[in-house]
Amino acid sequence: MPLAKRIIPCLDVTAGRVVKGVNFVGLRDAGDPVEIAKKYNDQGADELTFLDITASSDNRDVILHVIEAVASQVFIPLTVGGGVRQVADVRRLLNAGADKVSINTTAVTNPDVVRDAAAKFGSQAIVVAIDAKAVNADNTRWEIFTHGGRNATGLDAVEWALKMQDYGAGEILLTSMDRDGTKIGFNLPLTRAISDAVNIPVIASGGVGNLQHLVDGVKEGHADAVLAASIFHFGEYTVREAKEAMRAAGIEVRL
Amino acid sequence: MKIAIVDYGMGNLHSVVKSMELVAENHASVVLTADASVIDAADKVVFPGQGAMPDCMAHLEESGLIASVRRAAAEKPFLGICVGAQLMFEQSAEGPTASLGIFKGEVVRFPPEQMVDAQGQKLKVPHMGWNEMFITRAHPLWHGIADGERFYFVHSYHFMPAEDITVVESAYPYRFAAAVARDNIFAIQCHPEKSSTAGLKLLQNFVHWNGN
């Protein structure tokens with residue numbers, strides 16, 4: 001199909017800087033958000049996702065300035081997530097220049113926020129982020145976790161994705177919690193189960209360690225887009241190399 | 001030269017403004033406005049829109065800007081983007097509200113029963129992402145943009161012109177009109193302000209377009 005599968009670098013942002021985790025212990029400053037966004041745009045990134053990892057509610061406005069600066073210089077779609085609790089938060093991020101806002105924990109604790117935000121700003125602007133992991137040994141049942149994977153909710157992941165579609169989500173950002181940070185690839189059965197169940201696009205996330213994983217996410221996981229952080233941030237691969245690998249595997253990409 | 005971007009209260013116009021400012025350089029000043037007299041005084045007009053078409057039409061009516069938008073579309077280089085472009089047709093399946101009717105034709109939803117690709121895999125709606133643009137008729141706004149170039153789309157509805165105005169088509173899975181043009185008007189379904197280099201080229205061409 002002519003519609004290209006998307007590659008989306010994900011940038012963690014706090015205090016106005018892009019940071020990257022090092023061996024699960026600390027965060028290292030990775031640079032200026034505008035410069036990094038420009039670099040990925042030049043490499044052919046199809047979109048960018050910014051995750052505000054600021055822990056406290058202080059300094060929430062810093063992300064707004066970051067988005068405004070990036071959106072003034074980089075003209076590809078920008079998604080922002082992290083700490084979105086109410087419709088007013090969605091509005092602030094969109095007004096700052098975000099094209100889509102990703103809602104994660106709040107979608108579980110207060111799903112009406114998803115419905116109200118989609119009604120107000122359009123489904124195209126609302127992404128629901130789902131953190132899921134397998135709850136049985138043969139990896140055929142998955143449940144939703146919140147608060148960065150610490151809190152179990154008992155919600156079935158596939159049913160939850162369908163519910164969020166009904167509530168007006170325009171896209172699902174699906175993170176395989178049992179793979180996040182492992183570099184062993186996406187949870188493909190989970191990704192495929194959700195992508196096949198819903199009619200809206202699904203972005204696969206969590207576990208990417210090499211370019212074959214991106215290919216597998218699309219071919220085996222039926223993902224519409226693949227998101228990765230560390231393989232790009234640490235310079236292991238460029239976005240362009242990722243796209244060339246996908247094209248070589250027969251996947252339609254924008255090159 | 002002054003380019004007015006019509007602000008009738010439908011969402012984020014930050015990127016439209018910033019991208020136009022970037023390509024306008026010193027050739028034009030770009031102003032985001034909800035003031036009819038500013039639209040009337042502008043040399044060129046950009047008419048954006050996002051979200052649901054009935055909401056857009058309702059906001060446009062409340063804004064009191066319809067008459068000046070119509071005047072601009074009748075005589076100035078005029079660029080409709082996304083739902084702004086959809087509003088220029090007569091009717092949309094998204095709601096019972098009549099739209100501006102500047103172009104003959106209607107706006108329809110991607111039909112669920114046709115959303116399957118050649119390999120039998122389900123195609124998602126909204127049609128979201130970068131898709132190819134095929135030139136069906138040469139147009140000055142497409143100058144310097146390759147046939148088959150990809151632009152960023154995000155929409156569930158697309159226009160079906162009932163007059164011969166299509167200049168660019170895309171495919172999902174069937175061919176549909178992605179851009180239409182007549183006289184001084186150009187209207188595009190996807191988002192040039194989000195389509196990186198190719199999109200900026202289109203906007204730059206608009207800055208330099210005299211409407212012929």
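A salt bridge is a side-chain nitrogen of Lys or Arg within 4 Å of a carboxyl oxygen of Asp or Glu. Three salt bridges are counted between chain B and chain A of this predicted model. In one of them, the side chains of Lys124(B) and Asp224(A) meet at 2.8 Å, N to O.

Residues are numbered from 1 along each chain as its sequence is written, and chains are lettered from A in the order in which they are written. Local features need pLDDT of at least 70, side-chain atom pairs count only at pLDDT 80 or more, totals for chains, interfaces and linings use all residues, and side-chain values use heavy atoms, with hydrogens and water left out.

The size of an interface is often given as the accessible area lost when the parts come together. Here, chain B and chain A bury about 2900 Å² between them (accessible area, 1.4 Å probe, lost on being put together and summed over both). Carbon and sulfur atoms carry 55% of this area. Lys124(B), Met128(B) and Trp130(B) supply 24% of the area that chain B buries against chain A, more than any other three residues. The contact (heavy atoms within 4.5 Å) takes 35 residues from chain B and 41 residues from chain A.

Between the two chains, 19 residue pairs are in polar contact, both at pLDDT 80 or more. A polar contact is a pair of N or O atoms within 3.5 Å; within protein, one must be able to donate a hydrogen and the other to accept it, and residues adjacent in sequence count only if both atoms are side-chain atoms. On chain B, helix H1 (14-24), strand E8 (127-132), strand E10 (150-155) and helix H6 (196-207) each supply at least two residues of the side that touches chain A. Helices (H or I, at least four residues) and strands (E, at least two) are DSSP runs, numbered from the N terminus. The largest share, six residues, comes from E8(B).

Within chain A, helix H6 spans residues 157-166. Its buried residues (under 20% relative accessible area, 1.4 Å probe, protein chains only) are Ala157(A), Val158(A), Trp160(A), Ala161(A), Met164(A) and Gln165(A). They fall within an arc of 160° seen down the axis of H6(A), so they line one face of the helix. The arc is that of the directions from the helix axis to the C-beta atoms. On the other side, Glu159(A) and Asp166(A) are exposed (over 50%). Asp156(A) caps the N-terminal end of H6(A).

Terms used:
Buried area is the accessible area (1.4 Å probe) that two parts lose on being put together, summed over both.
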